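Subject: Structure for you, with notes on salt bridges

Hi,

Here is the structure I promised. My notes on its charged pairs follow below.

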Amino acid sequence: TLFEVLRRRPMAKKDWVPIMFNLLSCDLITLSDKPPKTALLESTVLDRSAIDGIARQLLRTDTGMMTYPALQYFLEQEFHRYEICGSPFSLVLFEMWLRTGDRVEPLPVPAIKEAAGRIYSVKRSIDILAHHEVLNYALVLPQTESASAAMLAHRILEVLQMGTLGG
């Protein structure tokens with residue numbers, strides 16, 4: 001997708017729009033509404049119910065995000081990958097608050113759950129969205145340099161501001 005290309009090779013809109021125009025004009029690429037096809041592992045049979053069961057244990061049912069201990073575990077794994085292979089990763093820490101007039105208060109759980117859904121719609125399947133301590137949140141981005149992480153953070157900000165959360 002265009003988003004993935006720009007995530008891997010960040011560039012300003014004034015640079016990528018002419019490139020896309022030329023690629024389209026020369027029929028080197030086409031536009032499609034279909035998501036890219038990804039094949040599941042075919043060489044071995046995976047127990048999908050067991051995998052889903054483990055995944056459910058890592059998620060908080062009220063928000064749909066991973067728990068703080070799960071975040072710590074996966075963050076440690078990414079750090080080990082960095083130490084051994086030099087694989088880059090980014091960690092985005094953020095807060096979400098409800099602003100009513102001049103007051104700021106924590107988001108209600110339905111709003112957090114809807115925010116998580118919006119973030120899931122733009123993040124990759126390997127990215128990890130989780131709770132970070134009490135009222136903070138984190139996104140672990142494997143194989144991601146800081147410029148691409150910043151671009152994703154701006155995209156997340158856009159989808160979160162598209163409308164009210166949880167009513």
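Start with Asp 127: at 3% relative accessibility, this residue counts as buried. Buried means under 20% relative accessible area, exposed means over 50%, and partly exposed lies in between (1.4 Å probe, protein chains only).

A word on the source. This is a predicted model, where local features need pLDDT of at least 70 and side-chain atom pairs count only at pLDDT 80 or more, while totals for chains, interfaces and linings use all residues. Residues are numbered from 1 along each chain as its sequence is written, and side-chain values use heavy atoms, with hydrogens and water left out.

The structure holds nine salt bridges (a side-chain nitrogen of Lys or Arg within 4 Å of a carboxyl oxygen of Asp or Glu).

Asp 127 forms one with Arg 124, with the closest N and O atoms 2.7 Å apart. Arg 124 is buried too, at 17% relative accessible area.

Asp 127 also meets Arg 7 in a salt bridge, at 3.0 Å from N to O. That pair links distant parts of the chain, 120 residues apart. Arg 7 sits in helix H1 (residues 2-8), and Asp 127 in the loop between helix H5 (109-122) and strand S4 (128-132). Helices (H or I, at least four residues) and strands (E, at least two) are DSSP runs, numbered from the N terminus. Arg 7 is buried. Together, Arg 7, Arg 124 and Asp 127 form a network of salt bridges.

What does Asp 52 form with Arg 48? A salt bridge, with the closest N and O atoms 3.4 Å apart. The two are four residues apart in helix H3 (residues 48-58), so about one helical turn separates them. Asp 52 is partly exposed at 31% relative accessibility. Arg 48 is partly exposed at 46%.

Best wishes
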